[in-house]
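User: I'm new to this one and would like to learn how to read it. Can you walk me through it, feature by feature?

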Amino acid sequence: METFSALEFASCQNYRNSADGFSNYYLEHYRDSMVISESEFNRHMGLQLDVMPDELVQVYNSSARAQEPLNYDTVITVQPWRQGVTQAQSFGTGPTDRDTFVASLEETKHLVYAREKTSKMYAPFLDSYGNIEYAGVLANVIDDRVYQSLRADTETAYLFNLKSGDGRQVFKSILKGLRNLNGADENLWASSSLVFGIKDDITHLRPIYKQERFDVAFGIGGFTFFAFSFIGFLFLLSSGIVLYYKIVTDIDEEKEQIAMLKRIGLNNQECRSYLTKHLAILFFTPLVLGISLGTVYMHAELKFSPYVGYMMSFIWIITGVVAVLDVLLYLSLRKQFFKGVEV
C-alpha cells in the first residue's frame, strides 16, 4: 500500500432554510451528506480544523459546489441512510417550514446551525472518480464532543492506493473475499455498472476500482477520441498540403522577393528569419485554431463527467502528438523551401 485511510462517518440528511424556503439538500441536488468529527476529518486529510460546538464546517468533494453562496441555516438529521432518505421523501411530498419540521423530529437525533456559524471549503475527501455521486458528497464536520453525544450508528469508507502490484488482480481478490464473507457466488458484482442512489442493497454495494471506472469512461468516449484524432490529422494534412503547394507554386516569386531584400542589405540569416515567420503563420494557423476550438468544445462536453480530468488527459496527448508531427513536417518543408529560394 502507498496510502490507506479508513474514514468513519454517520449518515445524515441536510436541510437548509433560506429566503427561498426550507428544502432538503438530497432532494434538491441528489447529493448525499455525512457527519464527521473534526478529529477524524483532520486525521484523514492531514488538516488542523478547530470546530467550536456551535459551528459547522461544510466540506465539498466538488469545487463547483463549494463556490455556491452560503445564505442558509442548516438542520442536520442523523440517522441510517434508508431512514433519512425515507424521511426526506416524506418531507418532499408535504414540505413544511423549519420550526414545524424540527418540532416533528421528536426522538430523531438532529443538529441546528445558524448561517453565521457555518463555513464551507473544498477538499476531495472521497474518491470522486469512482461513482458520480461521490463527486457531490457533502461532509458536515462538527465538534468532537457534539459528535460523541449523538451516539450515532457509524459507517466506514476505506480508501487506498497501491504502491506496487497488479491492481486488477488485487481488486479481483477483494471482490472474491467479500463474496465469501457474504455467502455469495460469482454472479454478485459480475458487472461493473452501478445503480446510483441505492446504498442498502448488497447488489449495489460493489467496491469501486478507479481504473475500472476509467476503462468504462474510455469505452464510452472512444469514438470521441477517434474523431478528435482524425480531425487533428486532417489539420496536419491540410497544413502540409498548403505549405507544399506554396513551395511548388510560389518559389519563383519568393526568389525575386529574397533578391530584393538582399539588395537593400539583408543577409541570409535575416532572410531566413523573415521566411520562417511568414511560413509559420501560414502553416500553424489551422493547427492553433483547430486545437483551441476542439479542446474548448471537448471540455464543455465532458465537464459534467467525474472522469473529465482523465479523458482530457488523452485529448492533450492526442493534441501533443499532432503538434509534434506538425512541427516536424513544418521543419522538413521549410528546409526544402529555403533550398528552393537559395538562402
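User: Let's start with E106: does that residue count as buried or exposed?

Analyst: First, a word on the model: it is predicted, local features need pLDDT of at least 70, side-chain atom pairs count only at pLDDT 80 or more, and totals for chains, interfaces and linings use all residues. Residues are numbered from 1 along each chain as its sequence is written, and side-chain values use heavy atoms, with hydrogens and water left out. Now the general idea: buried means under 20% relative accessible area, exposed means over 50%, and partly exposed is in between (1.4 Å probe, protein chains only). E106 has 67% relative accessibility, so E106 counts as exposed. E106 sits in the loop between α5 (98–104) and β6 (109–113); such helices (H or I, at least four residues) and strands (E, at least two) are DSSP runs, numbered from the N terminus.

User: What is the phi of E106 near?

Analyst: Phi of E106 is near 55°, a positive value in a residue other than glycine. W189 also has a positive phi, near 65°, and is not glycine either. W189 is in the loop between α7 (167–181) and α8 (210–220). With a relative accessible area of 7%, W189 is buried.

User: On to charges. How many salt bridges does a search of the whole structure find?

Analyst: You look for a side-chain nitrogen of Lys or Arg within 4 Å of a carboxyl oxygen of Asp or Glu. The search finds seven. One of them joins the side chains of R98 and D73, at 3.1 Å, N to O. R98 belongs to helix α5 and D73 to strand β5 (residues 73–78), so this pair ties together parts 25 residues apart in sequence. R98 is partly exposed at 25% relative accessible area, while D73 is buried at 12%.

User: Which other residue's side chain meets D73 in a salt bridge?

Analyst: That's R115, at 3.2 Å, N to O. Since R115 is in the loop between β6 and β7 (118–122) and D73 is in β5, the pair ties together parts 42 residues apart in sequence. R115 is partly exposed, at 29% relative accessibility. R98 also has a salt bridge with D99, whose closest N and O atoms are 3.7 Å apart. D99 is exposed, at 54%. Through shared partners, D73, R98, D99 and R115 are joined into one network.

User: And the inside? Which residues have the most contacts inside the largest nonpolar core?

Analyst: A nonpolar core is a set of buried Ala, Val, Leu, Ile, Met, Phe, Trp, Tyr and Cys residues joined through side-chain atoms within 4.5 Å. The largest one here has 16 residues, and those with the most contacts inside it are I258, L275, F283, F284, Y330, F337 and V341. Two or more residues come from each of α9 (222–263), α10 (268–302) and α11, with α11 giving the largest share, seven residues. A second, separate core of 15 residues includes F41, V51, F125 and V141.

User: What is F284 in contact with, leaving aside its neighbours within four places in sequence?

Analyst: Contact means heavy atoms within 4.5 Å. By that rule, F284 touches D326, V327 and Y330.
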